[in-house]
Amino acid sequence: MKTLAHPVHSELEIKKSRFIGCVEPIQSQAEGLARVAELWKIHPEARHICFVLLVQGQVRQSDDGEPSGTAARPMLNVLQHKGLDNVLASVVRYFGGIKLGAGGLVRAYSQAISEPLAQAQWLEFKPQQQLQITFDYAYESTVRHQLELAGLEFEVIDYAEQVKAWVRGEEQALTPCLQRLQEQLKGTLICTSAD
């Protein structure tokens with residue numbers, strides 16, 4: 001997976017409409033939505049703020065009143081073509097009074113995102129995951145040993161007859177490690193999502 005090292009920006013004027021494009025790295029959907037709300041405070045006179053949030057393969061998008069499929073979909077296509085994840089792509093549009101038509105809007109929104117990406121610096125990353133696990137106290141040394149071998153982070157939340165803990169790390173290492181532990185603990189390991 002790859003994301004951006006730094007935010008990148010563009011500004012286009014097409015038939016008197018201004019399109020201000022930005023693609024920036026983000027860590028969560030909440031962070032991206034907060035950034036969109038911030039854009040509305042910065043650009044209260046804008047007619048539209050269209051966006052695509054792409055976080056760990058999950059997409060959230062808005063055409064913000066533009067005809068369906070003319071803004072967010074073309075922006076998403078650009079991001080997916082570049083193989084990006086954990087990014088927010090936004091385009092602020094100040095309407096210039098001349099309608100662009102569906103084809104013109106698709107080209108404008110695509111260009112507002114693809115132009116700044118031409119100068120972007122990329123960062124490779126591996127998807128991370130956090131889970132809560134619960135297991136019998138008798139298995140603690142086995143669990144700690146297996147997680148350590150897999151290079152995963154282990155943080156105890158509660159000690160009692162059962163141990164509750166957070167496990168964090170690369171998804172690619174976490175999933176097979178927990179499957180092995182499930183077998184070793186004879187199906188008694190309980191995993192729950194951090195969400």
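Predicted model: local features only at pLDDT ≥ 70, side-chain atom pairs only at ≥ 80, totals over all residues.
Residues are numbered from 1 along each chain as its sequence is written. Local features need pLDDT of at least 70, side-chain atom pairs count only at pLDDT 80 or more, totals for chains, interfaces and linings use all residues, and side-chain values use heavy atoms, with hydrogens and water left out.

The chain is divided into domain 1 (2–124) and domain 2 (128–193), with bounds from an automatic or database domain assignment. Their C-alpha centres lie 39 Å apart.

Now to the first helix pair; helices are DSSP runs of H or I, at least four residues, numbered from the N terminus. The axes of helix 2 (residues 72–81) and helix 3 (residues 101–117) come within 8 Å and cross at roughly 30°; axes are lines fitted to C-alpha atoms over the stretch in contact, and angles run from 0 to 180 degrees between N-to-C directions. So helix 2 is roughly parallel to helix 3 (under 35 degrees; over 145 counts as roughly antiparallel, 65 to 115 as roughly perpendicular, the rest as oblique).

Who touches whom? Pro74, Met75, Val78 and Leu79 of helix 2 meet Val106, Tyr109, Ser110, Ile113, Ser114 and Leu117 of helix 3, with contact meaning heavy atoms within 4.5 Å.

On to the second pair. Helix 4 (residues 140–149) and helix 5 (residues 171–184) have axes that come within 10 Å and cross at roughly 155°, which means helix 4 is roughly antiparallel to helix 5. Thr142, Val143, Gln146 and Leu147 of helix 4 make the contact with Cys177, Arg180, Leu181 and Gln184 of helix 5.

Technical notes: Helix = DSSP H or I, 4+ residues; strand = E, 2+ residues; numbered from the N terminus.
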